[in-house]
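The following exercises concern one structure, shown below. Please inspect it before reading the solutions.

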Amino acid sequence: MKLVTFLYNGQIRLGVLRRSAGGDTVVDLNKAEPRLPTDMIAFLQGGAETRSLADKALRSVTNASIYPLSAVTLKAPVMRPGKIICIGLNYRDHAAESGQAVPEYPTVFAKYNNCVIGPGEAIVHPKISQKVDYEAEMGVVIGRRAKAVAEADALNYVAGYLPFNDVSARDFQARVSQWEMGKSFDTFAPMGPALVTADEVPDPQSLDIRLSIGGEIMQSSNTRNLVFSVAALVSQISAVMTLEPGDVIATGTPGGVGAARKPPRFLRPGDVVRVEIERLGVLENPVVAEA
Ligand code: ZN
């Protein structure tokens with residue numbers, strides 16, 4: 001199931017994205033089944049119960065609850081995650097191009113929900129940064145409260161996956177030891193278009209991941225190259241903090257970021273950045289200058 005949050009007639013609603021030859025559509029889950037919440041986090045908190053309501057609604061859905069994709073505005077699937085936990089240096093080639101050793105433990109930092117935007121929404125290029133960069137990443141969305149879960153059990157706590165762009169102002173990131181300020185500008189966490197549920201992703205460690213700008217491929221790898229697997233990350237992070245439904249873990253970026261290219265290729269207003277992950281879809285965002 002490709003779960004989406006969308007805007008229709010001025011209202012935020014929960015839906016399912018359907019790809020078909022006749023054109024992409026969105027099923028309005030709230031219209032098809034009014035007992036379902038409009039908020040993704042509430043839906044995830046509902047666990048098997050809300051999922052089964054959604055499955056039933058989809059089986060008997062009528063045309064009145066199906067809209068052409070062009071008639072709605074997709075938002076980030078989780079608009080205000082409780083946590084956005086990012087992993088640094090989690091692909092060997094990216095650690096090497098950054099001049100860093102492959103870490104022994106996950107390098108963890110935070111973004112906040114001021115960063116979140118959805119597909120098609122603009123990445124705002126701040127006036128005060130000259131080095132705004134892109135990072136294609138697979139995002140993991142937590143589905144069940146997780147505390148100190150074993151690696152072998154960790155994927156049972158994952159609701160699904162989505163394309164994520166860990167936009168980074170390298171000048172702000174590098175000027176102190178903590179990366180946070182460079183990572184936390186408004187609009188620096190595009191994600192979506194859909195939360196693809198885990199049942200559609202039997203192996204999250206086998207997905208091609210690619211980033212391009214205006215058709216030029218900048219990053220190309222596969223999630224099998226992650227240093228710390230999704231299961232290892234969920235287990236090790238949950239050893240410290242309770243993970244809640246809707247929390248997002250961005251699993252790190254492969255080589256090819258703009259700062260490491262020769263010459264460097266930073267984002268400019270007018271660029272359109274495209275993150276594509278096998279099975280998970282395409283996340284595209286234009287870059288605009290700060291007003
Ligand atoms: Zn990153």
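The exercises treat charged pairs, a metal site and backbone geometry in turn.

The model is predicted, so local features need pLDDT of at least 70 and side-chain atom pairs count only at pLDDT 80 or more, whereas totals for chains, interfaces and linings use all residues. Residues are numbered from 1 along each chain as its sequence is written, and side-chain values use heavy atoms, with hydrogens and water left out.

**Exercise 1.** Determine how many salt bridges a search of the whole structure finds, and locate the partners of the pair Glu-200 and Lys-2.

*Solution.* Step 1: apply the criterion, namely a side-chain nitrogen of Lys or Arg within 4 Å of a carboxyl oxygen of Asp or Glu. The search of the whole structure returns 18 salt bridges.
Step 2: examine Glu-200 and Lys-2, whose side chains form a salt bridge with an N to O distance of 2.9 Å. This pair links distant parts of the chain, 198 residues apart: Glu-200 is in the loop between β15 (195-197) and β16 (208-213), and Lys-2 is in strand β1 (residues 2-8). Helices (H or I, at least four residues) and strands (E, at least two) are DSSP runs, numbered from the N terminus.
Step 3: assign accessibility, where buried means under 20% relative accessible area, exposed over 50%, and partly exposed in between (1.4 Å probe, protein chains only). Glu-200 is partly exposed at 27%, and Lys-2 is partly exposed at 23%.

**Exercise 2.** Describe the placement of the salt bridge between Asp-55 and Arg-51, then that of the salt bridge between Asp-247 and Lys-83.

*Solution.* Step 1: the closest N and O atoms of Asp-55 and Arg-51 are 3.3 Å apart. Because these residues are 4 apart in helix α3 (residues 47-59), about one helical turn separates them. Asp-55 has a relative accessibility of 24% and is partly exposed; Arg-51, with 24%, is partly exposed.
Step 2: for Asp-247 and Lys-83, the N to O distance is 2.6 Å. Here distant parts of the chain are linked, 164 residues apart: Asp-247 is in the loop between α7 (230-238) and β18 (248-250), and Lys-83 is in the loop between β5 (73-75) and β6 (84-88).
Step 3: Asp-247 is buried at 1% relative accessible area, whereas Lys-83 is partly exposed at 23%.

**Exercise 3.** Which residues are the protein donors of the zinc ion?

*Solution.* Step 1: donors are N, O and S atoms within 2.8 Å of the metal (3.2 Å for Na, K and Ca); water is not among the atoms, so sites may look incomplete.
Step 2: the protein donors are Glu-135 (OE), Glu-137 (OE) and Asp-166 (OD), at 1.9 to 2.1 Å from the zinc ion. Their sequence spacing is E-x1-E-x28-D.
Step 3: Glu-135 and Glu-137 are both buried. A network of salt bridges links Lys-111, Asp-133, Glu-135, Asp-166, Arg-170 and Lys-183.

**Exercise 4.** Where do the cis peptide bonds joining Gly-192 to Pro-193 and Lys-262 to Pro-263 lie, and where is Thr-187 placed?

*Solution.* Step 1: omega is about 10 degrees for the bond between Gly-192 and Pro-193, and Pro-193 is in the loop between β14 (189-190) and β15.
Step 2: omega is about -5 degrees for the bond between Lys-262 and Pro-263; Pro-263 belongs to the loop between β18 and β19 (272-277).
Step 3: Thr-187, a residue other than glycine, has a positive phi near 75 degrees. Thr-187 lies in the loop between α6 (180-183) and β14, and is buried at 11% relative accessibility.
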